Amino acid sequence: MIRIWGRRSSFNVQKVLWLAGEIGLPYEPVRAGGDFGGLETTAFRALNPHGRIPVLQDGDVTVWESHAILRYLAARYGQGGFWDHDPAIRAWADGWMDWAQTALQPAFLGGVFWGYYRTPEAERDWPAIRASLAATTALLRLLDAILATRPFLAGEGLSLADIPAGTVFYRYFELDIERPPLANVEAWYARLQARPAYREHVMVPFDELKGKRQNAGR
Ligand SMILES: N[C@@H](CCC(=O)N[C@@H](CS)C(=O)NCC(=O)O)C(=O)O
């Protein structure tokens, strides 16, 4: 039996649960992190020495880091549908995954979601929040231009390219922040929202995280 360790309110766990839902993969969720705790235990550290969620156990195989888990699940159970067998097509999806982790996540999740939503009102650093929002907007304008040419990030269908970036958008559209009109990003988000696995695993209310800066991570 596959086990997925994490909490449903964790952005990085949501990526994995969304893909598992898309594939129709049976798994046992093991609640950990946040108010569930458990990340400091010797048993958990043996699974992930960094003490972070998500963690995947598949028989004797243990995988940590959300994108490593996504690739493992897609390669082992996705039948080529989410991460193509062709290295050139895979690399295209990898580019978007890395872009989401190194550009979009720091700007929006690090700068806006943490700086604004997860920081108590009196402690918010508004110049930094505004700068992160501007950086997010610049990235989304680029995304909007790309999504004018195709329905999903790597082409005609949902793939690993969409999962890390797509997981950001529920929070982006739910926050009371200034958003420029971005017709193609909005249409892509509507396509994601039409997917039952996205609704179940990503569109998870996150009020419990408001003003709460413990549990570093997203
Ligand atoms: N780069 C890691 C980041 C993992 C991470 O920071 N996870 C956060 C949750 S999103 C965490 O473990 N936070 C501690 C907690 O939830 O208690 C990944 O993509 O898996």
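Predicted model: local features only at pLDDT ≥ 70, side-chain atom pairs only at ≥ 80, totals over all residues.

Visitor: In what order do the four strands of the open sheet lie?
Guide: The pairing within this open sheet is mixed, and neighbouring strands are turned by 20 degrees against each other on average, direction ignored. Strand 2 (28-31) and strand 4 (61-64) each pair on one side only, as the edge strands. Read across the sheet, the order is 2-1-3-4.

Visitor: Which residue of strand 3 is the bridge partner of tryptophan 5?
Guide: Strand 1, covering residues 2-6, pairs with strand 3, covering residues 55-58, in the antiparallel sense over four bridges. Within strand 3, the partner of tryptophan 5 is valine 55.

Visitor: At what angle does helix 3 run to strand 4?
Guide: Helix 3, made up of residues 66-77, lies across both strand 3 and strand 4. Its angle to strand 4 is about 135 degrees.

Visitor: Why is helix 4 described as roughly parallel to helix 6?
Guide: Helix 4 (residues 87-117) and helix 6 (residues 162-174) pack with their axes 9 Å apart, at an angle of about 20 degrees. Because angles under 35 degrees count as roughly parallel, that is how helix 4 stands to helix 6: roughly parallel.

Visitor: How many nonpolar residues does the contact of helix 4 with helix 6 have?
Guide: The crossing of these two helices is left-handed. Residues including Trp96, Leu104 and Phe108 in helix 4 meet residues of helix 6, among them Val168 and Tyr172. Besides two polar residues and one charged residue, the contact has nonpolar residues numbering 11.

Note on methods
Residues numbered from 1 in each chain as written. Pairing = 2+ DSSP bridges. Axes fitted to C-alpha atoms, helices over the stretch in contact; angles between N-to-C directions. Contact = placed C-beta atoms within 7 Å. Parallel < 35°, antiparallel > 145°, perpendicular 65-115°, else oblique. Left-handed = near helix turned anticlockwise from the far one by under 90°. Nonpolar A, V, L, I, M, F, W, Y, C, P; charged D, E, K, R; others polar.
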